[in-house]
Amino acid sequence: MKTRHLLPALIAPAVLAGSVDITVDVANPTVELSPHLYGLFFEDINYGADGGIYAELVQNRSFEYHPVEGNDPLGREMVPLYAWDKVEREGATCRLEVVDAAPLNEHNRHYLEVTISEPGEAGVRNRGFNGIRLDAGASYDVSLHAREGEWQGDAGLEVALELPDGTVAGKTRFTGLTKEWKKFEGVIQSELTTDVARLVVTSGGVGKLHLDMVSLFPQDTWKGRKGGLRKDLVEALEDLNPKFLRFPGGCIAHGDSLENVYRWKDTVGDVAERKPNWNLWGYHQTYGLGYYEYFLLCEDLGMHPLPVVPVGVSCGFRGPQQATPMEEMQPWIDDALDLVEFATGPADSEWGKVRAEMGHPEPFDMEFICLGNEPHDNALFRDRFPLFVEAIRDKHPELKIIGTSGLDIGIPIYDQMTEMEVYSSDEHYYRDPEWYLAATDRFDDFDRDKPLIFIGEYASKDRKLFNALSEAAYLTGVERNADIVDMTCYAPLFGNVDHLQWNPNLIYFDKRTVVRTPSYHVQQLFARNKGDVFLPNTVTRREDDSAPTISGSVGVGTWLTSAEFDDIKVNGEAIDPSDWKVDGGSFRMIGGRYAQADVGREGAVSLSQEAYEGDPLTLELRARKLGGNEGFLIAFGGTDRNNTYWWNLGGWRNTGHGLEIIRGGEPSQLARTPGRIEQGRWYDLKVEVSDGRIRCYLDGEIVHDHEIEPAAIHVASTFDKAAGEVILKMVNPTDQAVEAALTLDGVTRVAPEARLVLLTGEAEAENTVLHPDRVQPVTRTIPAAASFTRTLPPMSVQFIRVKAE
């Protein structure tokens with residue numbers, strides 16, 4: 001069986017990636033690119049909202065926390081007093097209890113009761129999200145709701161910002177406590193810079209003190225809005241030049257259960273009256289960042305709002321999946337229709353009035369609505385989806401309905417979206433980089449009579465430059481097929497480095513630093529250099545290029561199996577494995593043979609410290625299974641356990657033999673055939689790399705014959721009508737430079753200079769909090785003509801803009 005794959009970055013060919021001729025047909029554009037091709041997807045994961053873009057500095061401000069399950073183990077510790085500590089000073093004593101006897105309102109059911117029995121200075125301290133950031137000279141808005149009961153003495157509250165050692169950075173005082181709930185507001189100016197401050201609320205009186213909605217915001221928010229968004233994170237979004245925002249999820253849109261579904265009506269109005277919810281990722285949501293704030297952010301950044309409406313089913317990944325009975329679906333449908341009224345209705349309508357009272361009497365722009373996230377293909381979803389389509393089309397025919405294609409690249413629900421004639425259908429996938437490099441032609445043969453495609457969630461499986469380049473290569477195919485692909489957005493968007501439930505993310509952050517990943521820069525470069533129409537191009541590799549080969553370590557291993565190996569040879573020369581580097585398992589020499597004894601280890605591997613190369617490159621050995629579930633791993637052409645080829649014999653519970661590549665610890669299957677390995681029997685094994693092929697032999701019989709195709713150079717070319725510029729986008733995902741002869745065919749005049757933006761670096765380079773700018777684009781001017789030559793550096797994507805007629 002012959003197969004083909006793209007040579008990965010770390011498994012370097014022994015020859016140059018070669019030279020290519022790239023010709024762009026400027027005179028004959030093909031398809032128009034969508035004006036909203038590149039946008040954003042936001043889901044409250046990794047503390048992206050509370051503790052992230054929502055600038056609130058107090059955690060658990062309304063005492064509504066309770067233990068929750070999810071990807072964050074801290075969720076199971078989230079009791080009502082989470083992030084709060086008791087304060088007793090100057091001889092004071094007090095007791096803290098979260099109660100619900102007389103709440104602030106029907107949605108905010110819990111509040112703190114501080115019972116002070118001995119006077120002095122007593123109260124509570126909030127730790128924020130692992131500490132509160134303060135900047136010397138900066139001002140902070142502080143507010144809280146309070147009342148007293150059976151009170152004696154001082155009827156005031158002191159609110160201070162303190163360091164862990166008690167040093168006061170700033171404070172204010174509230175007076176006038178009464179027996180009724182009252183909101184107090186003030187400003188504190190910090191005298192210190194720190195990331196570990198605490199907010200402390202104390203009193204010198206005796207009796208019962210009730211507190212709720214204890215809040216602290218920096219005044220320096222996005223656009224200076226009180227209680228607003230973190231400015232540096234919004235600026236990072238603005239710099240992406242996004243044309244839409246899909247929100248609020250994601251899995252949280254459907255919820256862990258129907259009770260946990262994201263209901264937009266709970267997220268609007270006064271923040272003290274919003275109904276908080278727990279987050280299926282393992283923490284809590286205040287909903288301070290709610291639907292009004294999402295629409296306002298879209299307006300600020302010129303993005304189309306794409307609200308994701310739940311359709312009466314819970315998230316299929318959290319079982320058992322729940323669904324609203326069909327006869328009870330009308331309230332869910334009404335919620336979707338009411339959302340449209342909230343966004344676009346007149347200020348005197350029921351829900352338009354809510355928007356107006358929040359400060360936006362004019363309607364928001366709303367052209368699209370998304371129905372569902374990524375449902376499983378079952379009757380629960382298929383039966384309910386049409387109800388929403390019909391109701392929305394009946395009352396709002398102007399809206400474009402975005403459906404969902406279901407899970408992963410198989411898009412199992414795309415057929416129903418076609419039947420329902422939705423505007424576009426949302427597909428999601430998180431794949432390894434090799435998949436993106438091999439799938440640049442994914443949309444070439446899509447039926448143009450079916451709904452448009454919205455790639456609503458996608459990412460390669462790491463945050464390194466090579467992953468970003470694989471995504472860039474995929475986007476060249478997207479732009480070539482822009483007549484069928486209407487929108488794309490990377491996911492997830494944000495990752496708080498102190499609270500991660502998912503990797504990778506487009507943007508990482510801590511209290512002070514915003515990390516723009518290599519994938520961020522790729523997204524930004526494509527969004528800023530989109531163009532209006534696609535120009536067809538051809539990429540031709542020079543005929544004199546040599547066939548690629550493979551170099552690197554060789555090795556052996558097992559998966560849940562014990563085995564022994566003997567007579568190991570490379571290119572006919574005997575190899576002593578006794579000094580090989582072991583990565584997992586229990587390897588040692590026994591009677592002249594190399595044995596791995598740990599039958600319980602998944603992926604026990606031992607690799608040579610020497611790298612081998614050549615054409616041909618031949619690895620020969622004998623192997624015998626001693627016990628366990630599977631067979632052998634024969635490694636070659638690698639740098640370490642997480643970056644190598646291996647021949648997996650007796651894999652998949654001893655049902656098949658497969659050739660795999662491991663990149664960043666993630667396996668990709670290159671070839672597979674049925675087969676098994678018997679215990680106690682010796683096998684003769686050989687792997688041969690020659691003439692651009694990998695051939696694997698078992699007892700002299702060929703099992704795999706696999707072609708190593710040189711990694712492609714991926715090119716998109718577009719024309720920006722307003723600027724009068726041809727835009728070339730060229731991706732080189734190999735570790736070798738490529739000489740490219742560029743020809744702009746059909747032009748009458750070309751400017752003598754062009755603008756180049758280049759993103760390049762080591763394959764495994766990534767940006768971190770300590771090194772946020774390790775990988776970043778560089779811009780310069782280069783000579784240009786109708787024909788000119790450029791070097792495409794290894795591990796690079798470059799954008800060239802040149803004026804042409």
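So, who gives what to the lining of the largest pocket? The biggest share comes from helix α3, with 5 residues. Please keep in mind that we're looking at a predicted model here. The pocket itself has a volume of about 900 Å³. If you want to find its centre on screen, look for K226, G269, V271, R274 and E293, which are the closest to it among the 38 lining residues. Several elements give two or more residues to that lining: the strands β9 (139-152), β12 (182-189) and β14 (206-218), along with the helices α3 (291-301) and α5 (350-357).

What is the lining made of, by class? For the largest pocket, we have 16 nonpolar, 8 polar and 14 charged residues.

Is E148 buried or exposed? Its relative accessible area is 14%, and the cut-off for buried is under 20%, so E148 counts as buried. As for its neighbours, leaving out residues up to four places away in sequence, E148 touches L177, T178, K179 and K208.

Rolling a probe the size of a water molecule over the atoms shows where empty space is left. How many cavities of 30 Å³ or more does a search of the whole structure find? The count is 7. The largest cavity holds about 90 Å³ of space. If you'd like to click through its lining, here's the list: Y262, R263, W264, Y291, V308, V309, P310, W332, D335, A336 and L339. Two elements give two or more residues to that lining, namely strand β18 (304-309) and helix α4 (330-344). Of these, α4 gives the most, with 4 residues. By class, the lining of this cavity has 9 nonpolar residues, 2 charged ones and no polar ones.

Last stop, helix α9, which covers residues 465-480.

Note on methods
Residues are numbered from 1 along each chain as its sequence is written. This is a predicted model: local features need pLDDT of at least 70, side-chain atom pairs count only at pLDDT 80 or more; totals for chains, interfaces and linings use all residues. Side-chain values use heavy atoms; hydrogens and water are left out. The expected span of a helix is 1.5 Å times one less than its number of residues. On a 1 Å grid over the protein atoms alone, a cavity is a set of points where a 1.4 Å probe fits but cannot get out, and a pocket is an open set with protein on both sides within 12 Å along at least five of seven lines; lining residues have an atom within 4 Å of a point. Grid points are joined across faces, edges and corners, and a volume is the space filled by probe spheres set on the points. Ala, Val, Leu, Ile, Met, Phe, Trp, Tyr, Cys and Pro count as nonpolar, Asp, Glu, Lys and Arg as charged, and the others, Gly among them, as polar. Buried means under 20% relative accessible area, exposed over 50%, partly exposed in between (1.4 Å probe, protein chains only). Contact means heavy atoms within 4.5 Å.
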